[in-house]
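Let us learn to read a structure by asking about one feature at a time. Keep the view open as we go.

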Amino acid sequence: MPAENSVSSFNGLHYFARGWNLVHMRGIRRYVIVPLLVNVLLLGGAFYWLFRRLGEWIPQLLSHVPDWLQWLSYLIWPLSVISIVLVFGYFFSTLANLIAAPFCGLLAEQLEGQLTGRPLPDSGWMGLLKDLPRIMKRELQKLGYYLPRALGLLLLYFIPGFGQIVAPVLWFLFSAWMLSVQYCDYPFDNHKVSFPHMRTALRRHKVANMQFGAMVSLFTMIPILNLVIMPVAVCGATAMWVDRYRADLARH
């Protein structure tokens, strides 16, 4: 019982930090390579292009602020930059995860086997090929959950003044939740836990999951560090699955 209480006291920051250690675990590093390469090529190229364009986009955004709110420009300018980086980062992070999903699932599977000493049945590359249609269907489910909510938030940006101030905060919170869903889903899906059931389980520990997702979101905005965040987040989310959810939801 004390051990269980100790585990349940770990917050999302703990699992995010643990992910940085787990990517170096012996026997795991070779499964990190493909997610890492996808993230470096796609997210690295996207952010390089973005930072070359920001100087043009910010004045265009500020031109939509009405005259009576110009005194808030000092606040709206940094919020606009954060908004663009958040939306852009999450969009390309989602695209990278869609491409790398089978390999992220394999990384979560192999790491869970190392942490528990109990490898999953049908694990490895052959199991990956067999599960590929199911994995891609699951990614489309996540996309269907994400898009309507994201579009609703994006519409807020068209409300002069109010939208530019409130929307970045709401978008950050939404991104934190969605990134937690995105990365925690890999170990859940490996055990065939349905997408709605997975979301219900995450809500029971919503604060910890929001903390975890917020850290992933912040690091997605930081150049260089954002290139390695995908495998780190998969490892941290898998450790959280093992500690908090596996005993109740794993298929044995």
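A: Start with a term: contact means heavy atoms within 4.5 Å. Here, not counting residues up to four places away in sequence, Asn-97 touches Cys-104, Glu-139, Gln-182, Tyr-183, Tyr-186 and Met-230. This is a predicted model, where local features need pLDDT of at least 70, side-chain atom pairs count only at pLDDT 80 or more, and totals for chains, interfaces and linings use all residues. Residues are numbered from 1 along each chain as its sequence is written, and side-chain values use heavy atoms, with hydrogens and water left out.

Q: Where is Asn-97 placed, and is Asn-97 buried or exposed?

A: Helices (H or I, at least four residues) and strands (E, at least two) are DSSP runs, numbered from the N terminus. Asn-97 sits in helix α4. Buried means under 20% relative accessible area, exposed over 50%, and partly exposed in between (1.4 Å probe, protein chains only). Asn-97 has a relative accessible area of 1%, so Asn-97 is buried.

Q: Which residues of the largest nonpolar core touch the most other members?

A: A nonpolar core is a set of buried Ala, Val, Leu, Ile, Met, Phe, Trp, Tyr and Cys residues joined through side-chain atoms within 4.5 Å. The largest one here has 69 residues, and Tyr-183, Phe-188 and Phe-212 touch the most other members. Several helices each supply at least two residues, including α2 (12-22), α6 (162-190) and α9 (229-249). The largest share, 15 residues, comes from α4.

Q: What is Tyr-183 in contact with?

A: Leave aside its neighbours within four places in sequence. Tyr-183 is then in contact with Ser-93, Asn-97, Phe-212, Val-216, Met-230, Ala-233, Val-234 and Ala-237.

Q: How many salt bridges does the structure hold?

A: A salt bridge is a side-chain nitrogen of Lys or Arg within 4 Å of a carboxyl oxygen of Asp or Glu. The structure holds seven. One of them joins Asp-243 and Arg-18, at 3.6 Å from N to O. Asp-243 lies in helix α9 and Arg-18 in helix α2, so this pair ties together parts 225 residues apart in sequence. Asp-243 is partly exposed, because its relative accessible area is 27%. Arg-18 is also partly exposed, at 26%.

Q: Which residues are linked in a network of salt bridges?

A: The network links Arg-134, Arg-138, Glu-139, Lys-142, Asp-185 and Asp-189. Look at Arg-138 and Asp-185: their closest N and O atoms are 2.6 Å apart. Arg-138 is in helix α5 and Asp-185 in helix α6, 47 residues apart. Both Arg-138 and Asp-185 are buried. Lys-142 also meets Asp-185 in a salt bridge, at 3.1 Å from N to O. Lys-142 lies in α5, so this pair ties together parts 43 residues apart in sequence. Lys-142 is buried too.

Q: How are two packed helices described?

A: The description uses the angle between their axes and the distance between the axes. Axes are lines fitted to C-alpha atoms, for helices over the stretch in contact, and angles run from 0 to 180 degrees between N-to-C directions. The axes of α2 and α9 come within 7 Å and cross at roughly 115 degrees. Residues making the contact include Tyr-15, Arg-18 and Trp-20 of α2, and Val-232, Met-240 and Asp-243 of α9.
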